[in-house]
Amino acid sequence: MSKTGKALPVIFLVVSAVSLSGCASYEINTQRGNIPGLYIRQELQQADRAVEAARQAGKNQTCPAEFKAAEAARDKAYDVYRACHTEEGVALANEATAKAQALCPPQAPKVVPPPVEPPAPKPAPVAPAPVAPPPAPAPTDTLSVAPASIVKGESATLTWNSQNATRCQIAPGIGAVETSGSLKITPAEATRYELSCSGAGGSAVSTTEIAVTQPAPVVVPAPKLCSPTVVDVQFDTNKFDIKAKYHAELKKLADFLAEFPKAHGVIEGHTDSVGDQASNMKLSQRRADSVRNYLIKNFGVAPERLQAKGYGPTRPRATNKTAEGKAQNRRIEANFICD
């Protein structure tokens with residue numbers, strides 16, 4: 001063979017490959033339809049495969065007429081394609097595939113309706129039983145007292161209410177009452193009240209209790225005595241100023257004067273025996289004046305209710321021989337008359 005003869009098949013394969021590149025609808029020709037060439041449109045061979053598959057499934061026996069129609073459609077598609085009517089042959093191949101795949105569709109089973117039974121005869125109508133009237137509703141009632149506790153001699157209020165009742169009464173000591181209402185009561189002692197109501201549906205009972213306490217006895221305070229008072233105010237030697245720690249003591253004296261507004265009297269000043277008597281007399285007077293002025297200035301005591309007088313060392317409360325006794329003698333006393 002010449003070099004030209006060897007090159008022709010190669011050129012044909014190259015041209016076929018180039019012309020078919022990118023054509024996904026072509027496949028290798030199996031020569032089943034006597035179509036020349038290396039490649040063929042896949043629709044034709046799909047139709048051929050569909051017909052052969054139907055044959056393998058026995059549909060050429062089950063529905064032979066439809067099978068022959070599908071087989072004829074496939075052969076016609078090959079004939080048209082072979083005559084170079086490619087697209088028309090492809091269309092016929094698709095129809096052949098559809099016919100082959102639709103062969104012998106399964107038949108739906110016939111549904112046999114169940115026999116219709118004649119309707120049962122209607123029962124004879126039954127006369128309704130007589131309906132008894134509903135029972136009368138049972139009565140209800142409530143009873144309360146406010147307040148629940150009183151002092152003897154005070155009053156409280158009984159309040160009651162009832163439903164489905166025609167008659168009511170309250171015991172003890174009250175008797176028949178309306179089916180609803182209220183009433184003032186003044187029991188002398190603790191009492192339990194009972195409300196009884198009745199009607200066509202029966203009866204009902206409610207109770208309530210009230211506590212009664214005895215009034216507290218009136219306590220008459222014992223009269224306070226108005227007598228001389230020793231005020232715990234002491235002074236340093238030869239001093240008459242009032243120390244802050246004695247302010248509370250003087251307030252007690254002011255409270256006493258406020259409680260007895262008609263009381264009046266004398267603030268007395270005293271000293272120990274240190275020094276001469278004349279000096280102690282003046283010192284005791286200054287101490288009495290100091291306390292009097294403090295009461296007037298800080299508590300508003302009327303000046304005419306208070307006098308001040310110094311007694312020096314003449315009225316000692318304790319011995320002047322000891323420091324403790326001397327401290328007790330440097331004191332203030334108050335002597336009041338209560339009109």
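**Helix packing and a loop residue**

Me: Which residues in α6 meet α7, and which ones in α7 do they meet?
Reply: On the α6 side they are H247, L250, K251, L253 and A254, and these meet V291, Y294, L295 and F299 in α7. Contact is heavy atoms within 4.5 Å. This is a predicted model, where local features need pLDDT of at least 70, side-chain atom pairs count only at pLDDT 80 or more, and totals for chains, interfaces and linings use all residues. Residues are numbered from 1 along each chain as its sequence is written, and side-chain values use heavy atoms, leaving out hydrogens and water.

Me: At what angle do α6 and α7 pack?
Reply: About 75°, with the axes 11 Å apart; α6 covers residues 247–259 and α7 residues 277–299. The two helices are therefore roughly perpendicular to each other (65 to 115 degrees, on a 0 to 180 scale between N-to-C directions). Helices are DSSP runs of H or I, at least four residues, and strands are runs of E, at least two.

Me: Switching topic. Where does D232 lie?
Reply: D232 is in the loop that runs between β11 (229–231) and α6.

Me: Which residues does D232 touch, skipping those up to four places away in sequence?
Reply: Y246 and E249.

Me: And what does D232 count as, buried or exposed or partly exposed?
Reply: Partly exposed, because its relative accessibility is 42%; that class lies between buried (under 20%) and exposed (over 50%), with a 1.4 Å probe and protein chains only.

Me: How far apart are the C-alpha atoms of D232 and Q328?
Reply: They are separated by 9.1 Å, though D232 and Q328 are 96 residues apart along the chain.

Terms used
Parallel < 35°, antiparallel > 145°, perpendicular 65-115°, else oblique.
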